[in-house]
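Visitor: Can you walk me through this one? I'd like helix packing first, then the rings.

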Amino acid sequence: MTEDRLIDKIIDVSLRRGFICPTAEIYGGAGGFYDYGPLGTLLKQKIIDYWRQNFVLDTDNIFEVSGSLLMPESVFQASGHLDAFDDPLTQCSVCNSMFRTDQLINDAANISAEGLSIEEQDKLIQEHNVKCPKCNEDLSKSRNFNLMFKTEIGPSGGYAGYLRPETAQNIFINFKRLTAFMRNKLPFGIAQTGFSFRNEISPRNFIIRLRQFEQMEIEMFFDPDDKEVSSPFEIAEDLKINFVTHEMQEKGWEKPLSLSLQEVKQQNLVPNDYLLYFFALETEMLIDFGVKQEDFWFRHMLPHETPHYSGGNFDLEVNLSVGHKEIIGNAYRRDYDLKKHSKASNSSFTIAYSDGRKVLPHVVEPSLGVDRILYTVLEKCYREDDRGWSWFQFPSIIAPLEVAVLPLMKKDGLANLAYEVHRELKNSGYISFYDESGKIGKRYARADEIGIPYCITIDYESLKDSSMTIRDRDSMKQIRIPLEDLDITLGELMDSEVEFEEYEQ
RNA sequence: GCGCUAAUAGUCUAGUGGCUAUGACUUCGGCCUUCCAAGUCGACGACCCGGGUUCAAUUCCCGGUUGGCGCACCA
């Protein structure tokens with residue numbers, strides 16, 4: 001058991017306790033698709049709620065929208081996804097290795113095959129006698145592999161549609177409506193959460209690489225001449241973040257730099273201050289979710305890792321048991337998307353100032369992977385002892401179930417009173433769970449395993465004076481409080497306004 | 001997508017060309033029980049899918065699906 005990899009333990013408890021399971025499992029499943037069960041859904045909802053509150057609602061100039069998952073081909077023609085996601089692949093006839101045709105041509109003949117048709121590319125392979133780089137044998141005819149899911153809209157069949165490969169495009173194509181709503185004033189942000197789809201060649205690692213995944217994104221539009229954030233966006237200059245520069249990657253690095261946002265700014269490590277604004281929110285979010293700061297960093301992506309139009313991409317990477325994984329991408333997309341859609345749709349996306357100056361906004365995009373963040377939380381909150389028992393040390397703010405109400409025993413009216421308390425907690429808005437089966441110790445363990453932070457126990461003293469105990473998951477200690485204080489005390493504990501130890505006397 | 005490998009209750013696992021396919025834990029019900037999974041009685045629950053060989057396939061063969069590892073891919 002202890003030899004198991006951490007991810008296997010996470011999968012095991014996910015299946016057993018209703019967090020996550022494979023989609024269509026009884027029919028053999030489908031690679032890259034997972035369903036969220038009761039606890040997984042609650043946990044995911046809490047993650048999204050946190051993002052909505054802290055990234056969107058707490059800021060004046062950011063609003064959330066909700067766009068279609070399926071959109072017509074013209075959108076992706078304009079966005080570039082149809083070309084960029086459509087890779088011609090060729091295969092060696094002997095060793096069966098797969099290669100991207102355009103890259104082979106580029107490597108072997110030093111010709112850019114970008115934009116050429118698949119037939120033209122195969123012709124170039126023949127003309128230049130390009131062979132398999134591994135075993136020098138003949139290559140098969142190329143075939144296209146498109147990472148987007150295609151379907152048809154309507155009954156006639158002539159109107160192609162695609163599932164969106166990122167949430168962002170909804171926002172760019174609605175830009176005129178959105179600027180009107182924002183009364184043509186920069187800066188502003190448009191947020192969106194929802195599913196995106198990519199037909200990945202090889203999904204791996206549970207919910208780390210999925211074919212259907214959920215994103216939380218903001219497109220932050222600003223005047224490119226105005227690199228510093230303006231009100232109401234303020235930067236927590238003293239906040240320290242972990243950062244990996246281009247230079248460090250060239251030399252080889254072991255530990256990221258710990259820099260204050262002010263230092264990052266002074267050293268010109270990022271192209272604009274909006275990135276810093278989101279670095280701060282992302283760092284605070286992960287810490288609030290129970291991830292230690294030493295376990296994640298922002299890495300300035302190398303030029304070959306970013307699209308040509310990027311003004312700089314900064315991945316938030318986490319040190320997970322399955323390797324260093326990107327769970328958040330911060331992309332400075334400049335005006336690439338607006339420019340493309342403006343041209344393709346023949347509409348103007350510029351914003352005019354009163355002095356007559358016109359500007360096409362630039363955009364910074366913090367793109368948060370919900371599933372990857374959720375997996376990170378599961379892994380970083382997972383605890384086990386030498387008996388092999390495990391539990392999740394979820395911070396209250398994301399615990400799927402917030403409180404369990406347990407009668408010490410079922411008999412003597414303890415169960416009835418406990419159930420009443422449970423109903424009252426539900427009425428007060430807590431996500432409360434009632435459990436009366438078996439023994440009290442077993443029920444504590446069951447509650448711990450799924451990370452319930454507090455258990456309310458109803459005992460014989462409760463029958464006399466309506467008092468009850470609150471048990472803290474992490475210390476296993478208990479305090480006794482009167483019924484009338486339960487709501488407030490629990491609320492203070494959940495909000496971390498008061499530490500559990502302070503209630504002990 | 002390629003190569004290697006695996007697939008038996010919710011989880012982990014034993015085993016077999018042939019009666020009714022092990023065991024543990026979990027779950028549910030009962031008894032016991034005045035605070036941290038270990039007492040007791042009982043119950044539910046499985047051979048990944050399709051084809052082939054065979055009198056008979058969970059077992060052997062072929063194909064597929066899914067997972068793991070490696071390669072490739074990841075604008």
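**Helix packing and rings**

Guide: Helix α2 passes helix α11 in a right-handed crossing (left-handed if the near helix is turned anticlockwise from the far one by less than a right angle, right-handed if clockwise). This is a predicted model: local features need pLDDT of at least 70, side-chain atom pairs count only at pLDDT 80 or more, and totals for chains, interfaces and linings use all residues. Residues are numbered from 1 along each chain as its sequence is written, chains are lettered from A and ligands numbered from 1 in the order written, and side-chain values use heavy atoms, leaving out hydrogens and water.

Visitor: At roughly what angle do the axes of α2 and α11 cross?

Guide: Roughly 145°, and the axes come within 11 Å. Axes are lines fitted to C-alpha atoms, for helices over the stretch in contact, with angles from 0 to 180 degrees between N-to-C directions. α2 is residues 38–57 and α11 is residues 273–288. Helices (H or I, at least four residues) and strands (E, at least two) are DSSP runs, numbered from the N terminus.

Visitor: Which residues make the contact?

Guide: From α2, Tyr 50, Asn 54 and Phe 55. From α11, Phe 278, Leu 281, Glu 282, Glu 284, Met 285 and Asp 288. Contact means heavy atoms within 4.5 Å.

Visitor: On to rings. How many aromatic pairs?

Guide: The structure holds 26. Rings of Phe, Tyr and Trp (its six-membered ring) pair if their centres lie within 6.5 Å; planes under 30 degrees apart count as stacked, over 60 as edge-to-face, the rest as tilted. One of the pairs is Phe 172 with Phe 221, edge-to-face, 6.2 Å centre to centre and 80° between the planes.

Visitor: What does the pair tie together?

Guide: Phe 172 lies in helix α7 and Phe 221 in strand β11, so the pair links parts 49 residues apart in sequence.

Visitor: Are Phe 172 and Phe 221 buried or exposed?

Guide: Both are buried (under 20% relative accessible area; exposed is over 50%, partly exposed in between; 1.4 Å probe, protein chains only).

Visitor: Which residues form the aromatic cluster?

Guide: Phe 222, Phe 233, Tyr 274, Tyr 277, Phe 278 and Tyr 332 form one cluster. Phe 278 also belongs to the α2 contact.

Visitor: And which ring does Arg 471 lie over?

Guide: Tyr 444, at 4.4 Å from the ring centre. The test is NZ of Lys or CZ of Arg within 6 Å of the ring centre and within 35 degrees of the ring normal. Tyr 444 is one of the buried residues of helix α15.
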